[in-house]
Each structure stands twice: as C-alpha cells, then as structure tokens.
Amino acid sequence: TPVGHARIDSQMRLHTFCHCVVGEWYLMGVVLSAGNSLRWLRGVLFPSPSEGSYGILTGEAEEIRPGSEGLFFLPYLTGERTPHNDSAARGVFFGLSLGHTRAHLTRAVMEGVCFAMRDSMEIMRDLKVEFSEIRVVGGGSRGRLWRQIQADVYGLPIVTLGSSSGPAYGAALMAAVGAGSFGSIREGVDAWLRIRETVVPDTRRAEAYGEIYDAYRALYPALKGRFADAATL
C-alpha cells in the first residue's frame with residue numbers, strides 16, 4: 001500500500017520500498033503460497049486438472065459456511081515471509097473431521113490465504129495506515145467467491161480494475177510515462193485504470209470472520225516449535 005512517508009516495522013515483518021512516485025513509499029507484505037495454495041489443492045484433487053476444475057471447487061466451496069465448520073488451513077507450503085519470516089513453516093489443515101468434504105477443504109484454503117493476507121494488513125494498521133478499500137489484481141481477483149471472502153475477512157470493499165494484470169501492467173504504464181505519453185505516473189493511472197467492480201463485505205460474515213481470524217492467528221505460535229523440529233528430520 002502507498003504511504004506518504006517511510007514507515008518501518010520494527011520487527012521487519014513488512015518490506016518498505018521507495019515508490020515510483022517521487023517522495024512516496026509503499027509497504028508490502030508477502031504470502032509465499034497464496035494462489036499457489038489453491039493450485040496445489042486442485043492438483044491433488046484432480047489428477048488431470050483443467051481451468052474448469054477451479055469452477056467446480058469454488059462452486060462447491062460457495063455452499064460452505066464461513067469458517068469451514070472448524071477447519072483451518074495455514075498456507076505455508078513453501079515457508080512464510082509475512083509476518084513470520086520462517087522458512088521452516090509448512091502448510092497445515094487443522095480441525096479435520098469425518099464431516100469435512102472436498103468443499104470444506106477448498107473453502108478452508110481460500111479462507112486461510114485471506115487470513116494470511118490480513119496479517120499484513122494488521123501490521124500496516126499498527127503503523128497507522130488506514131484503508132478505505134482494497135484493489136486486487138492477478139489470478140486470485142478473477143473468482144467472485146474469493147473476492148467476496150476477501151471483502152468479508154478484511155471488512156473492506158474489494159475493487160477490481162479493467163485489467164487484472166499486476167506488475168507487468170504497472171511496468172508498461174511507467175514506460176509510457178518515460179516515453180512521454182503521460183506527464184506523470186498519476187496522469188497515467190487516471191488515464192489507464194478504470195474500476196470494473198466493487199464487492200462489499202457482508203456485515204454478519206465480517207463479524208464472524210473476526211472471531212475465526214483470531215483462532216487462525218493462534219495456530220502458528222502453537223506450531224512454531226514443531227515446524228522447526230520437523231525441518232531437522
């Protein structure tokens with residue numbers, strides 16, 4: 001998220017970088033296996049995965065209540081950077097029972113990724129950063145269910161833009177500024193970026209997710225030592 005002056009997390013859980021706009025900075029949290037967590041699950045559940053299999057999974061997950069009936073997923077399949085900075089951390093399904101189905105697994109993965117991204121937001125809030133909306137790009141922005149879960153977990157509107165591309169689109173915009181097509185980055189942004197859709201949070205689901213998120217946050221501290229032990233096996 002862009003900020004007007006440098007804000008440094010004393011625990012080094014976030015990155016603080018110079019912005020391409022002169023005089024501004026931006027804060028970045030990193031979830032190492034966000035969209036890849038859902039890709040991994042799809043590959044496990046479908047021996048010959050196709051793009052349509054995402055639709056099957058998310059369609060089933062949409063029928064499951066927030067919280068996946070007590071099933072949690074920690075998306076640390078390749079370790080984690082924000083907020084734990086722990087290369088030994090690994091993915092976890094916690095709370096599995098005979099009552100859980102493929103749909104529960106899918107929703108738990110989607111929720112776990114959103115909880116992990118909320119971790120970054122909470123650190124930024126500790127640094128006095130305020131949010132009015134969240135703009136999403138990339139593959140995770142294409143699914144309506146995932147956008148709604150994000151809105152409900154963050155308690156903020158989720159905004160998609162005319163293009164779902166991320167870094168490459170920004171690089172092209174800066175190149176256009178450098179080539180003289182626009183007088184500034186802000187002018188280029190105003191000319192090129194258009195809001196496509198806004199998904200607003202559901203008040204009741206957002207309240208429920210607040211409690212579920214607190215339970216999610218308790219899992220990593222409880223498992224941290226076990227991650228380190230397993231890394232030596």
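**Entry 1: the sheet.** In which sense do strand β6 (residues 134-136) and β7 pair, and over how many bridges? I looked it up, keeping in mind that this is a predicted model. The two strands run parallel to each other, and I found 3 bridges between them. One of the bridges joins R135 to V159 in β7. I also noted V136, which stands opposite T160 in β7.

Next I turned to the other neighbour of β7. Strand β8 (residues 195-199) pairs with β7 in the antiparallel sense, over 4 bridges. Here L161 has I195 of β8 as its bridge partner.

Putting the strands together, I get an open sheet of 3 strands, ordered β6-β7-β8, with mixed pairing. β6 and β8 are the edge strands, since each pairs on one side only. From one strand to the next, the twist averages 30 degrees.

**Entry 2: the two faces of β7.** Which residues of strand β7 (residues 158-161) point one way, and which the other? I158 and T160 share one direction, V159 and L161 take the other, and all are buried.

**Entry 3: the crossover.** I followed the chain from β6 through helix α4 (residues 144-154) to β7, and these make a right-handed β-α-β unit. I then checked how the helix sits: α4 lies across β6, β7 and β8, and runs at about 60 degrees to β8.

**Entry 4: the cores.** Which residues have the most contacts inside the largest nonpolar core? They are I134, Y154 and Y216, in a core of 47 residues. The elements giving two or more residues to this core are α1 (35-45), β4 (72-74), α3 (102-126), β6, α4, α7 (203-217) and α8 (219-231). α3 gives the largest share, with 11 residues.

I took a closer look at Y154. Setting aside its neighbours within four places in sequence, Y154 is in contact with C114, M117, R118, M121, R125 and I134. There is also a second, separate core of 6 residues, and V21, A176, F182 and I185 are among them.

**Entry 5: helix α1.** Which residues of α1 are buried? I listed S37, L38, L41 and R42. They sit on the same side of α1 because they cover an arc of only 135 degrees around the axis.

The buried residues of α1 pack against α2 (51-61), β4, β5 (92-94), α3 and α4. On the face turned away from this buried side, I found the exposed residues R39 and V44.

Terms used
Residues are numbered from 1 along each chain as its sequence is written. This is a predicted model: local features need pLDDT of at least 70, side-chain atom pairs count only at pLDDT 80 or more; totals for chains, interfaces and linings use all residues. Side-chain values use heavy atoms; hydrogens and water are left out. Buried means under 20% relative accessible area, exposed over 50%, partly exposed in between (1.4 Å probe, protein chains only). Two strands pair if DSSP finds at least two bridges between them. A crossover is right-handed if, with the strands pointing away from the viewer, the path from the first strand over the helix to the second runs clockwise. A nonpolar core is a set of buried Ala, Val, Leu, Ile, Met, Phe, Trp, Tyr and Cys residues joined through side-chain atoms within 4.5 Å. Contact means heavy atoms within 4.5 Å. The arc is that of the directions from the helix axis to the C-beta atoms. Axes are lines fitted to C-alpha atoms, for helices over the stretch in contact, and angles run from 0 to 180 degrees between N-to-C directions.
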